[in-house]
Amino acid sequence: MSSTIPILEARGLTRSFGAVRALDGADFDVHAGEVVALIGDNGAGKSTMVKALSGNLALDSGSILFDGSEVDLSSPSVASHMGIETVFQDLALAPHLTPPQNMYLGREIPAPGFLGKLGFLDNKTMRARSKVAFDELGATVRSYSSPVGSMSGGQRQAIAIARAVAWAKGVVFLDEPTAALGVVQTKNVLETIRRVRDKGVGVVFISHSMPHVIEVSDRVQVLRLGRRVATFQAKDTSVEELVGAMTGALDAGAK
Amino acid sequence: MSNDSMPAKNATANAVGVAADAPPTGEPRSEAAVSPDAALMTVDSERGIGGLARRIVKVQSFQILLVLLAIFVVFSVLAPDTFPTWSNMRLVIQNVSILAVLGIGMTYVIITSGIDLSIGSVLVFSGVIAAKVMQGMGGDGWGTAIAGILVSIVCGVLWGVFNGLLIAKAKVPPLIVTLGTLSGALGLAQVITGGVDIREVPAVLASNIGYGNIPGTTIPTISVISLVLLLIFGVVLHKTKFGLYTYAVGSNEESARRVGVKVDRHLIMIYALSGLMAGMAGILSLAQYSTTAIAGQSTTSLAVIAAVVIGGTSLFGGVGTIFGTIVGLFIPAILQNGFVITGVQPFWQQVAIGAVLIVAVYIDQRRRAAASRATKTGKRSLTHLFRRSA
């Protein structure tokens, strides 16, 4: 929490799917250099919130502020232009492409000079820079020339996170990044999250695992029935308190 | 399992375990620092001539090249005086040339996990319109011929764009769209000609391109044109951004879209390319046979698809090479030629191709199952040919 103005703030977001109000006047905020966990029971509106804040979903009403000024996140490319990146649950890597190709997909470095104008690529530079980015996160990518589809879930997760982090200058959303991972890989991902935060990026961490939430985040915001019902300082809270807020058993927020 | 493979497997497991177990230090970790095993493995599997050779052997287009060479050797032994001669091979190469032009577009289309059944009909349609235009202009000179070439190419591109728009924008499955244009383009060609082939082709076209040779050699001009196109589009596919996006769209359309690849525009361009090649093939066919051969292309699309798939391009998308397609085209051509020369009924060629095709797809399935771990994006079936996500 290095600054007083949140890097990304949502005010009164509303979105209905038919008769269901997935978001019902929900607020949210994350500062630069901070890990905010977004928790809530199934159907609380977490995924809808992430989609809205990453430009993947249109809102019925409400406003989104980036660095203090209101923005219109109409598409994922608008969001990524601002430095907002998302790692979705389904990873969204192209399984037949290599890690560097995935890393730079949509942002390729052209070859120098005339060849670049013809569409030729500077694979050497992209490979070298990808390696730097993976190393920086401690991601063990064993092969830079094999398709990512042949790699383990943990490695793909690391590549997806590295890609998001490499391009995210403002905020990175991680939707259930540890859901499919083993113990050791989970540890690596949590460590990665801390390193990204230390680079001054705002990290939004969505998870069902309360111990992980408490371990890695600075603040915890709880969604229930499409609203933010509570915000906790992670160091002052407990699993019981968080579960209580999620389920509504505990109606007093620490806000 | 052989004893040799066991230590290797253990080494792999160790390397992963050690690498993952290493305490996060906050420092950029070099591969060597993580574990000597991991570093060794990277070097082993990626660099060095041994690793490269092993990877080449695993590529389907290489395996199929061995099959082609085997077939070649068998016929060479059976008919040493007639089969392995330049004049015979020249014939085979000439016969393959037009299909190879079509194969370029089809390779791109199938890599995007699409299909284009319409190319045979688009070839006929483009040839018919070009023949009509050249007939109308009259004359046997280059002026008329060039007009015909341009008209044929434009017709092909228009059909391709039409296919692409329906597939990318209207979200109609590629199998259905191109089945429709397969029928539609052929029907229109018959309407325009009344079903009667046009047999007037400018002499310069027929004698220079159609059955002519490169001056001073016995190399067919049509094959050189085909080879140049193969080289250009091979380089585009394997070395440029356009090629990379083709693989990306076929591998995971949604992920390509999310990172800002203009997927719809790319698909339209891919089908336009396939149409362009069909238009090109239309004028080449006209030049070679001096007739529009309206009824002669009913199985062309399937022959090209079979060749592309035999050559290792995956119907599931994301995988494929132009080189594989070339090899895949020569197998049926050599078989047919060899059967004729050795006195086997040439109809057996069709049986053999059917078998090779099924085996090729079976191998592709097995390889995919082994190579990709079961994930949402990895698990795919061919139903994508029948439906498109909205």
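Me: Which residue in strand S9(A) is the bridge partner of Ala37(A)?

Reply: In this predicted model, local features need pLDDT of at least 70 and side-chain atom pairs count only at pLDDT 80 or more, while totals for chains, interfaces and linings use all residues. Residues are numbered from 1 along each chain as its sequence is written, and chains are lettered from A and ligands numbered from 1 in the order in which they are written. Strands S3 (residues 35–39) and S9 (residues 219–224) of chain A run parallel and are joined by four bridges. Within S9(A), the bridge partner of Ala37(A) is Val220(A).

Me: What is the order of the strands in the open sheet of six strands in chain A?

Reply: Strands (DSSP runs of E, at least two residues) and helices (H or I, at least four) are numbered from the N terminus, and two strands pair if DSSP finds at least two bridges between them. The pairing in this open sheet is mixed. Its edge strands, each pairing on one side only, are S6 (84–87) and S10 (227–233) of chain A. The order is S6-S7-S8-S3-S9-S10.

Me: What is the average twist from one strand to the next in this sheet?

Reply: Angles run from 0 to 180 degrees between N-to-C directions, and axes are lines fitted to C-alpha atoms, for helices over the stretch in contact. From one strand to the next, the twist averages 20°.

Me: What angle does the direction of helix H6(A) make with that of S6(A)?

Reply: Helix H6 (residues 153–167) of chain A packs on the sheet, where this helix touches S6 and strand S7 (171–175) of chain A. Residues are in contact if their C-beta atoms, placed from the backbone, lie within 7 Å. The directions of H6(A) and S6(A) make an angle of about 175°.

Me: Which residue in S2(A) does Ser16(A) stand opposite?

Reply: Strand S1 (residues 8–17) and strand S2 (residues 20–30) of chain A run antiparallel, joined by eight bridges. The two strands form a hairpin with two residues between them, and in the turn Gly18(A) has a positive phi of about 60°. Across the pair, Ser16(A) stands opposite Arg21(A).

Me: Which residue in S4(A) is the bridge partner of Thr14(A)?

Reply: S1(A) also pairs with strand S4 (residues 61–66) of chain A, over five bridges in the antiparallel sense. The partner of Thr14(A) in S4(A) is Ser61(A).

Me: How far apart are the axes of helices H7(B) and H14(B)?

Reply: Residues of H7 (residues 119–137) of chain B, including Val122(B), Ser126(B) and Ala130(B), meet residues of H14(B) including Gly275(B), Ala278(B) and Gly282(B). The contact divides into nine nonpolar, seven polar and no charged residues; Ala, Val, Leu, Ile, Met, Phe, Trp, Tyr, Cys and Pro count as nonpolar, Asp, Glu, Lys and Arg as charged, and the others, Gly among them, as polar. H7(B) and H14 (residues 263–289) of chain B pack at an angle of about 55°, and their axes are apart by 7 Å.

Me: At roughly what angle do the axes of H7(B) and H8(B) cross?

Reply: Among the residues of H7(B) that meet H8(B) are Phe125(B), Val133(B) and Met137(B), and their counterparts in H8(B) include Val151(B), Cys155(B) and Trp159(B). This contact has 11 nonpolar, six polar and no charged residues. The axes of H7(B) and H8 (residues 142–168) of chain B come within 8 Å, crossing at roughly 150°.

Me: Why is helix H15(B) largely enclosed by the rest of the structure?

Reply: A residue is buried if 20 or more other C-beta atoms lie within 10 Å of its own, exposed if 12 or fewer, and partly exposed in between. Among the buried residues of H15(B) are Thr300(B), Val304(B) and Ile310(B). H15 (residues 300–310) of chain B is largely enclosed because, of its 11 residues, the number buried is nine.

Me: Is Ser290(B) buried or exposed?

Reply: Most residues other than glycine have a negative phi. Ser290(B), in the loop between H14 and H15 of chain B, has a positive phi of about 55° although it is not a glycine. Ala293(B) is found in that loop too, with a positive phi of about 45°. Ser290(B) has 21 other C-beta atoms within 10 Å and is therefore buried.

Note on methods. Two residues are in contact if their C-beta atoms, placed from the backbone, lie within 7 Å.
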